[in-house]
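Thank you all for coming; I would like to take a few minutes to walk through one model with you. Please keep the structure in view while I talk.

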Amino acid sequence: MAQQHDPTASSTGQALTGGAWLDSHFEASRPEYEAQLRMVGIQPGWHVLDAACGSGSFLPWLAELVGRSGRLAALDLAPDNVALVEQRVAEWDLPCQVEARVGTVLDLPYPDDAFDAVWFANTSQYLTDEELTVALAEFRRVVRPVGLVAVKESDGALVRLLPAPPGLLLRWFEAYANAGNAQAAGALRAPALPAWLRRAGLVDVWRCSTPIEHTAPLGPAARTSSRDFWSFAAGIAAGLDLPPADQEVWARLRDPAGLEGYLDDPDFSSAEGNILVVGTMPSGTEASA
Amino acid sequence: MASQTDRHASSTGQALTGGAWLDVHFAAARPEYEVQLRAVGIQPGWRVLDAACGSGSFLPWLAELVGPTGSLAALDLAPENVALVERLAEWALPCAVEAQLGNVLALPYPDDAFDAVWFANTSQYLTDAELATALAEFRRVVRPGGLVAVKETDPTAYRVEPAQPGLILRYSQAAAKAGNVQVIGTLRAPALPRWLRVSGLTDVWRRSTLIERVAPHSPVVNAWLGGLFTYCGTLAANLELPPDDREFWGRMRDSAARERFLSDPECWFIEMNVLTVGMVPSGTEASA
């Protein structure tokens with residue numbers, strides 16, 4: 001697990017959940033993130049839960065989708081993220097009402113059938129298998145029949161760095177997961193999410209993968225996001241059992257000058273793949289069958 | 001290398017160059033292939049070379065891009081592919097297309113003959129020395145300010161489910177270690193931007209395109225994946241691979257087991273393509 005001083009963490013101590021990290025990652029991935037959200041099928045007038053909303057970056061698009069007759073609930077585990085969301089919502093002047101609160105996806109503070117859809121972005125990675133089962137059951141409980149559950153996640157096996165030995169990140173994720181890190185195991189579980197949604201009782205499950213690639217010359221957001229992620233990953237790699245050729249790259253990325261050199265390399269490319277999985281709640285008849 | 005009896009090969013003996021295989025792969029990946037070609041920046045009125053055109057599937061889109069004021073040249077190493085392309089007259093394309101038998105290592109065209117070269121899924125067949133020669137030839141036949149566009153498959157980012165992550169990467173690395181030139185060539189795909197820069201091209205950019213197919217597969221996707229997995233499974237029999245991977249490839253060699261895999265509701269496949277585009281420097285830069 002992340003240490004308390006991890007600059008990417010929020011007050012919950014979970015790695016890569018701090019507002020600043022989330023914001024730079026979001027800015028760097030903005031067009032692809034927007035395309036994914038718009039694919040889900042959220043309709044005007046809907047009541048939608050942004051489950052584990054982080055710093056709330058999806059809320060403006062969600063608000064646009066549900067419009068003036070819709071409304072949003074934003075839930076996060078980290079009080080600092082919820083405070084940030086409340087402040088932002090006040091500044092944004094969104095077309096619909098947004099109610100932000102602290103809470104866990106393992107025990108949602110909402111009644112049954114409260115929502116038309118749940119949006120759950122980049123958070124399944126923080127859950128163990130058992131917790132993911134509980135969270136999906138909670139989403140099923142709070143979404144009305146024929147409503148939607150949408151899960152977006154980064155597929156660990158599609159994270160890439162160039163120039164570097166192929167499979168660098170796959171080996172990193174596997175070694176980190178083998179060392180007992182639940183988040184790494186969660187990121188590697190992403191391609192299996194359609195099966196998870198089906199097992200949770202959702203129907204008409206579909207998936208779509210989206211590549212997100214940052215190549216030299218990097219813009220400011222991509223540079224910040226790449227710098228944060230690769231120094232984070234390199235720090236962890238120091239304690240992992242990895243081949244010497246991989247460790248050579250990680251050592252270079254741990255060195256601040258080496259990292260900047262990498263970011264300036266005309267061949268630099270940092271890529272991830274996102275998977276979006278959407279399932280539909282069965283109708284009342286099906287559910288009771 | 002592929003044997004002469006490889007049903008995916010053309011008369012050149014190169015694996016996965018036969019017209020029927022190319023057509024299946026093309027049909028299965030059509031939307032993503034079109035997006036990549038349209039991203040290049042080919043303009044109306046241009047004269048464009050489709051270098052190693054295979055069965056010519058890109059020509060209709062290329063013809064649409066250059067329009068009635070443009071023209072196309074289509075070159076391939078395999079006579080039967082060129083013969084196929086010559087039948088293009090039947091396609092009623094909006095511009096002239098001249099098909100020719102030839103080799104990208106010694107292009108049968110004068111200097112500065114083209115505004116752009118499109119080189120799709122063929123860098124994989126070249127050794128490092130041959131790739132350097134081909135890129136020099138592209139630079140020679142494209143005018144200053146013109147474009148060289150190289151599209152290639154990138155096996156370092158393929159995904160297959162249900163299977164162990166990294167299956168295709170490990171297969172590719174084992175085949176490369178065993179000396180398979182084509183697989184070595186595909187593993188070079190992520191480095192193509194550097195190859196283009198080293199060859200003297202400027203303003204080089206890259207874009208990756210993910211080609212994803214989810215069960216239930218259409219017949220054409222089924223044919224594509226069935227062909228690909230049969231081919232890789234046969235090659236994998238003689239490669240050094242971990243037991244889980246060997247078990248997977250063993251199933252791919254068995255037609256009934258392969259069909260079960262392809263019809264699994266969780267069957268999911270991602271092929272990654274990388275498009276790399278560079279510009280031929282202007283006369284001033286070139287002589288500098």
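This is a predicted model: local features need pLDDT of at least 70, side-chain atom pairs count only at pLDDT 80 or more; totals for chains, interfaces and linings use all residues.

**Strands, helices and a chain contact**

Let me begin with one pair of residues: A:L75 stands opposite A:R101 in β3(A). Residues are numbered from 1 along each chain as its sequence is written, and chains are lettered from A and ligands numbered from 1 in the order in which they are written.

Strand β2 of chain A, residues 71–76, pairs with β3(A) in the parallel sense over six bridges, where pairing requires at least two bridges found by DSSP, and helices (H or I, at least four residues) and strands (E, at least two) are DSSP runs numbered from the N terminus. Both belong to an open, mixed sheet of seven strands in chain A, ordered β3-β2-β1-β4-β5-β7-β6, with β3 (97–102) and β6 (203–215) at the edges, each pairing on one side only.

Turning to chain B, helices α9 (219–236) and α10 (243–253) pack at an angle of about 125°, with axes 8 Å apart; axes are lines fitted to C-alpha atoms, for helices over the stretch in contact, and angles run from 0 to 180 degrees between N-to-C directions. The two helices, α9(B) and α10(B), are therefore oblique to each other, a class left over once angles under 35 degrees (roughly parallel), over 145 (roughly antiparallel) and 65 to 115 (roughly perpendicular) are set aside.

Finally, 21 residues of chain B are in contact with 22 residues of chain A, contact being C-beta atoms, placed from the backbone, within 7 Å.

Key
Two residues are in contact if their C-beta atoms, placed from the backbone, lie within 7 Å.
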